Every structure is written in structure tokens, then in C-alpha cells.
Amino acid sequence: MSKTENAALALGNKSKFHEFVDSFGLPRLIIAGFLLVLFIMAPIVGADLPTQITNTINRFSWNAVLVLAMVPMVHSGCGLNFGLPLGIISGLLGATMSIQFGFTGPMSFVMAIVIATPFALIFGGGYGWLLNKIKGGEMMIATYVGFSSVSFMCMMWLLLPYSSPTMVWGLSGKGLRTTISLEGFYDKVLANFLQINIGNLSIPVGSLAFFALLAFLMWAFLHTKTGTAMTAVGSNPAFARASGINIDKMRLLSVVMSTWLAAVGILVYEQGFGFIQLYMAPFYMALPAVSAILIGGASVNKASITNVIIGTFLFQGIVTMTPTVMNSMIHMDMSEVIRIVVSNGMILYALTRKTEGAK
Amino acid sequence: MSMNDNKGGGKRLLDLARNNSVPLMFILICAVCIPVSGFSPAYLLNEILTRMGRNTFLILSLLIPIMAGMGLNFGMTLGAMAGEIGLILVADWQIWGIPGIILAMIISIPFSILLGLMCGNLMNKAKGREMVTGYIISFFVNGLYQLVVLYMMGSIIPIIHSSIKLPRGYGIRNTVSLLHMRQYLDNLLAIHIGGVKIPVLTFLITGLLCLFIIWFRKTKLGQDMRAVGQDMEVARDAGIKVERTRIIAIVMSTVFAGLGMVIYLQNMGNLSTYSSHTQIGMFCIAALLVGGASVDKASIGNVFLGVILFHLMFIVAPSTGAKITGDSMIGEYFRVFISYGVITLALIMYETKKRKAKGKAGQMLQLAQSEEDGQ
């Protein structure tokens with residue numbers, strides 16, 4: 001940052017606009033502008049704006065908790081949690097077991113979280129211990145820990161003794177299906193709670209409130225003594241060690257928190273989506289979450305709750321808006337390509353910024 | 001490793017086992033799986049030789065960035081995409097057989113160089129995290145590749161034959177048939193011994209690349225790369241242009257990956273336009289690591305051992321899994337798990353070793369300092 005500041009000082013009267021661009025980041029600005037254009041274009045090309053906004057808010061409510069899971073690890077200096085699939089797997093274990101044990105309705109959601117918690121603690125603990133062994137190379141190893149755990153669980157979904165007829169393959173009577181419908185279990189259990197409907201616009205207040213609760217808890221935690229210590233570990237490890245903070249313990253705690261949030265996050269995602277997706281589905285789930293928080297203004301070693309909210313909204317906004325608007329505009333569905341380029345471009349931008357290279 | 005000289009033979013053996021734990025583990029897996037799977041030795045040998053011809057060139061492309069200290073080049077996917085673009089164009093112009101293969105290789109080179117330059121520049125901006133950057137670059141460029149192949153080919157870039165075009169008039173179909181160049185390279189000069197086909201020409205080309213790499217290590221540029229790989233700052237002080245050397249390493253790797261992809265696909269005889277390249281980097285890296293390479297050290301021997309062991313496991317795992325558990329999917333998932341597991345394990349071992357070495361260097365420094373203070 002000092003380089004850009006020096007440049008700004010040297011120029012003296014550098015325009016306000018440039019300063020704004022510098023602090024906000026050019027890619028972020030382009031993405032926000034792009035989304036704004038999409039919102040303006042939507043009614044012009046004949047897409048129903050309230051429906052679009054509803055979709056965006058819905059998708060926001062599905063994904064926000066998964067993005068929130070990024071925050072603790074960024075704070076403790078473990079970098080972006082590419083190992084999110086590990087937490088997702090804990091969530092999936094909770095979800096499938098809750099159904100297996102015969103819970104239905106809202107109770108199945110509560111039980112899914114309860115059952116997922118010990119798994120998240122154990123997996124997160126092991127994962128955190130591993131990351132403490134390999135400080136400096138976290139991101140690459142996290143990616144591959146995620147991948148190996150997903151492919152390991154692919155075997156487990158087939159081998160574990162599940163028997164609930166709603167989940168196993170009908171023909172052979174064993175092995176879980178690739179997608180499991182949540183109807184009768186916790187489908188839309190949060191979204192339908194206190195839902196507001198105004199014409200075509202509907203707001204899933206329950207899901208948003210649930211996210212707000214978790215986000216508030218996270219914010220509160222970051223302002224406790226432990227939370228501040230965690231931030232200190234991330235921003236200045238030498239200083240943290242000097243003031244008597246146990247660095248490894250803080251990092252371990254952050255990884256466990258992140259893993260647990262990912263477990264809850266996937267359950268929230270499922271209740272909105274209506275299906276449990278198993279096998280290879282969690283494979284690439286880390287990337288959208290990572291790029292969302294980066295779009296929101298976070299960097300490899302700095303992230304806040306605001307980043308989560310802005311980022312998820314922008315990212316999900318683009319994902320929901322581009323197909324409809326693009327399709328009606330040029331009769332070409334380029335949304336998938338745009339999504340790939342935007343999300344990975346954002347991660348690349350964050351990885352290659354000089355200011356964060358020194359570590 | 002030079003410290004091993006004054007240790008006992010038993011300890012040396014233990015060290016050898018520890019340093020080669022991944023290949024040993026694979027030999028064990030294969031030893032268990034081969035009898036259970038029930039394949040005949042001739043079939044296995046034939047399969048292994050085919051897969052060696054198909055994959056070795058691609059895996060060799062990984063060696064140069066490792067030499068330059070840039071780790072496993074997850075960005076080799078870029079070269080694979082360039083190779084595919086070459087093949088799509090050649091398939092459209094209907095130039096088949098050996099000339100088609102050679103032309104596809106030639107077309108792939110400028111694309112590879114361009115993508116390699118981009119990749120190298122980005123990696124220079126992200127020193128110390130080249131691997132994760134390369135990994136994300138491969139996703140990013142995959143998006144660009146889709147943009148070109150799915151939207152621009154046929155609409156902006158002229159595509160003549162509708163057989164490879166999507167029905168809507170632009171974009172390339174999911175699969176492009178390379179039937180008229182299928183295994184042309186392998187069959188030319190091929191030798192058949194008792195039902196086992198040896199693709200001599202493919203092996204010769206691979207051998208040429210091996211010779212080139214051996215020669216290249218001894219050139220000035222090769223030495224520079226090794227110096228950069230050892231210590232960037234020292235190399236810079238010695239007057240080596242570090243950034244430029246690193247970019248050259250990546251460009252070379254990308255170009256070789258592009259050529260390798262053409263060899264790979266002419267053997268397959270079928271191009272899955274949107275998925276052939278997505279897994280290729282992962283499998284090549286896994287094979288190299290299985291051969292006993294690590295993030296900072298890899299030899300040609302590792303490549304060959306890796307290809308044999310990794311693909312032996314790949315051939316026998318599904319049927320072994322099916323025989324043991326009665327479900328054919330288990331074996332499929334098992335081999336995917338093993339591929340990822342091996343990469344994870346190798347990365348973890350590399351990082352812990354690096355930290356240990358750092359700690360040791362720190363201790364030595366402290367020791368030297370305290371000695372100085374004592375005097």
C-alpha cells in the first residue's frame with residue numbers, strides 16, 4: 001500500500017476519484033458497475049425486476065454463511081480457506097444422519113447442526129493441526145485436503161450403512177443417492193419462517209435473520225479478547241508472540257470455527273436449495289465462496305463482515321442476473337463463462353497483489 | 001543427502017525407504033491389486049506401454065519449472081488448451097494423419113507461448129505462492145478458452161465444417177472426432193511382439209525430449225534456472241535476470257505441455273472439447289509425485305517410474321474394487337482419492353521439510369553466532 005500512498009503524495013492533488021478507485025480496487029468497481037448495469041438493463045430487456053431481486057436475495061441467503069466461514073481463517077493469517085469442502089462434508093454427515101435417525105420437519109435441521117458439530121470439531125481440529133505444521137503453504141495444501149476428503153467421502157457414501165429409503169438407491173437398497181430431496185425434512189425451513197411477500201417480491205426473513213445472527217456472533221467474537229488476539233496473530237505474528245499469545249492455538253481455533261461455519265453454511269444452503277448434493281458436488285464449492293469474499297473487498301489477510309455481505313450480494317447478483325439479462329439481450333447464454341472468468345479473475349487479482357506478497 | 005555417507009547401512013536403508021515412501025506405497029498397492037484384478041500380464045504390459053506413450057511427454061513438461069524453483073506447474077493446463085485449439089483448427093481444415101498432427105503442434109506453439117508469458121508474469125507477481133496461483137490461472141484461462149471455443153469459433157473465427165460445429169451455428173461440439181489421426185503417430189514404426197504393441201516413434205519423440213532436458217540442464221540458461229531455484233536473491237546478485245528466467249521456464253513448460261497434449265489426444269482419438277484438459281494437470285502431477293519426485297526435486301527417472309506405477313494402479317483399481325466390494329464405483333472413486341491423496345501427501349511432506357530445514361538453518365546461524373560471541 002505504501003507505494004500507492006507515496007505516489008498519491010507525490011502527485012499531491014490526485015483526484016478524489018483515483019483515491020476511491022485505489023482504496024476500493026478496480027476489479028471490484030468494475031464488478032459493482034456491471035451488476036448495476038444488469039439491474040438497469042433487466043426491466044428494459046423485459047425481465048421482471050422484482051423476481052430478479054427476489055432470486056438474488058434468495059441466493060444471497062443460501063450462500064452467505066458459507067462466505068462467512070472464510071472470515072476466521074483470514075483473520076488468523078491462515079489465508080483463504082480453500083479447504084472449505086472439509087467443513088461441508090461435516091455438514092453433509094450431519095444432514096444425512098439426521099434424516100437416517102428419523103427426524104423430520106424443522107427438528108431435522110436442528111439435529112443436522114447438532115450432529116454435524118462434533119464432526120466439524122474433529123475434522124477442523126485435525127485440519128488445523130495440519131495447517132500449523134505447514135505454515136506458509138496453507139492455501140495449496142488446503143485445496144488438496146479438500147479434494148482428498150471429498151474423494152474419500154465418495155467411497156464412504158457408498159459404504160456407510162445408511163438405510164433410510166428416502167436416501168439410498170431404490171434398486172440395490174444401499175449407497176446414498178447423488179441428490180436427496182429434502183421435502184418433508186428441512187426444505188425451506190428457514191426461508192419460509194416469517195417470509196414477506198409483496199407482489200412478486202418475496203424476502204426470506206428467516207434465512208436472513210439466521211445469517212445476521214451468525215454474522216453478529218462473529219462480529220462480537222472478533223471484538224472479544226480472544227478475537228483480538230486472533231486478529232493480532234494474523235496481522236503481526238511476531239508482535240503476537242511477543243505479547244504472549246499462543247499462535248498455534250489461535251490458528252487452530254480459527255480453523256475449527258471456519259470448518260463449523262462451513263458445516264452450518266452447507267445446511268443453510270441445502271434448506272434453500274431443497275436438495276442434499278453428495279459425491280463430487282462439494283468439490284468446487286470453495287471457489288465461489290472465496291471469490292465472493294474477495295469481491296466484497298477482502299484480501300488474503302484482511303476480511304470483515306461487511307466484505308462478506310457486499311461480496312456475497314455482488315457475486316450472487318451477477319450469477320442470478322447474467323443468464324436472464326444476457327439471454328434476452330443477445331440470445332446467447334454466456335453467464336457460465338462470465339462467472340468463471342469473474343470469480344477466478346478476482347482470486348488471481350488478490351493472489352498477485354504486491355502488497356500481500358510479502359509473507 | 002551428503003550427510004548420509006558416514007551413517008550405518010541400516011540407517012541408510014531406512015532413510016532410503018523414508019525418502020521413497022510414496023513409490024514404495026504404490027508398489028505395495030499394485031502388488032496387492034494385480035493378482036486380485038485378474039488381468040493377464042500381456043494385457044497389463046500392453047496397457048502400460050500405450051499409457052506411457054500417451055502421458056510421458058506431458059509429464060516431462062513439468063520438470064523445467066521444478067528446476068527453476070517454481071514448484072509443480074499447475075498451469076500446464078494452459079498448454080493443454082493450446083494443443084486442443086491446434087487440434088480443433090486442424091480437424092476443421094481436415095488435414096489428417098501425420099501432417100495433421102505436426103500442423104496441430106505447430107499451431108499450438110504460439111498460443112502456448114502467449115499463455116505461458118501471461119502465466120509467468122502473474123507468477124512473478126505472486127512469488128512464494130506459484131502453485132496456488134497457477135492452479136487458479138488454469139481455471140481462469142479455462143473460462144477464456146470456453147469463451148473462444150464456445151462463442152467465438154464459428155461466429156468470429158471461421159469454422160468451415162458443420163460436423164464439429166454445434167447445431168446452433170457457432171461453437172464447437174462437445175466431442176471432436178480425431179478418428180483420421182487416431183494413433184497415427186503410435187502406429188508408424190510400431191513393433192508388435194506377441195500381442196504387445198510398442199509405439200516406437202512416440203517413445204523416440206519422448207526420448208528426444210528427455211535428451212533435450214538433460215542437455216538443457218547443462219546450458220547457461222539451465223544453470224541459471226537452477227540458481228534461481230536454489231535462491232532467488234543470490235541469483236539476482238550474481239547478475240541473473242530472475243524474472244526473465246522464471247518466465248522462460250514457464251513458457252517452455254507450457255509449450256511442451258501443448259505438444260504433449262497433441263500426442264495424448266492423437267492416442268485417444270477423441271477430443272472432449274470442454275473437459276479433456278480439466279483433469280490433465282492433476283493426473284500428470286500425481287503421476288510425477290508417485291514416481292518419487294517432490295515439489296523442489298524431480299528427475300527423468302521419477303517421470304518414468306511414476307507413469308508406470310500410477311497407471312498400473314489406474315488400470316487395476318476399478319476391477320479390484322469391484323471384486324472386493326461388489327461395487328465398480330468404489331474402485332473409480334478409490335483411484336481418484338489416491339491421486340488427490342498423493343498430491344496432498346507430497347505437498348505436506350515438502351512444506352514440513354522446508355520448515356525443518358529453515359529451523360535447522362536458524363539453529364546453525366545461532367550456533368555460529370554464539371561461537372563468534374565466545375571468541
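At what angle do helix α3 and helix α14 of chain B pack, and how far apart are their axes? In this predicted model, helix α3 (residues 41-60) of chain B packs against helix α14 (residues 300-325) of chain B at an angle of about 130°, with the two axes 9 Å apart. That angle makes α3(B) oblique to α14(B), and the crossing of the two helices is right-handed.

From α3(B), the contact draws on L44(B), E47(B), I48(B), R51(B), M52(B), N55(B), T56(B), I59(B) and L60(B), which meet V303(B), F304(B), G306(B), V307(B), I308(B), H311(B), L312(B) and I315(B) in α14(B). Divided by class, this contact has eleven nonpolar, four polar and two charged residues.

On the side of α5(B) the contact is made by T77(B), L78(B), M81(B) and I88(B), while α7(B) contributes S138(B), V141(B), Y145(B) and V149(B). Here the classes are six nonpolar and two polar residues, with no charged residues.

The packing of the two pairs is set out below.

| Helix pair | Angle | Axis distance |
|---|---|---|
| α3(B) and α14(B) | about 130° | 9 Å |

Along its principal axes, the C-alpha trace of chain B spans about 85 × 50 × 35 Å. Of the 375 residues of chain B, 46% count as buried, and among its contacts with a separation of 6 or more, 73% are between residues 24 or more positions apart.

Chain B also touches chain A, where 32 residues of chain A are in contact with 36 residues of chain B. On the chain A side, the elements that give two or more residues are α7 (105-133), α8 (138-159), α15 (335-351) and α16 (354-357), and the largest share, 13 residues, comes from α8(A). The residues on this side of chain A divide into 20 nonpolar, nine polar and three charged.

Note on methods:
Residues are numbered from 1 along each chain as its sequence is written. Chains are lettered from A and ligands numbered from 1 in the order in which they are written. This is a predicted model: local features need pLDDT of at least 70, side-chain atom pairs count only at pLDDT 80 or more; totals for chains, interfaces and linings use all residues. A residue is buried if 20 or more other C-beta atoms lie within 10 Å of its own, exposed if 12 or fewer, and partly exposed in between; C-beta atoms are placed from the backbone. Two residues are in contact if their C-beta atoms, placed from the backbone, lie within 7 Å. Helices (H or I, at least four residues) and strands (E, at least two) are DSSP runs, numbered from the N terminus. Ala, Val, Leu, Ile, Met, Phe, Trp, Tyr, Cys and Pro count as nonpolar, Asp, Glu, Lys and Arg as charged, and the others, Gly among them, as polar. Axes are lines fitted to C-alpha atoms, for helices over the stretch in contact, and angles run from 0 to 180 degrees between N-to-C directions. Angles under 35 degrees count as roughly parallel, over 145 as roughly antiparallel, 65 to 115 as roughly perpendicular and the rest as oblique. A crossing is left-handed if the near helix is turned anticlockwise from the far one by less than a right angle, and right-handed if clockwise.
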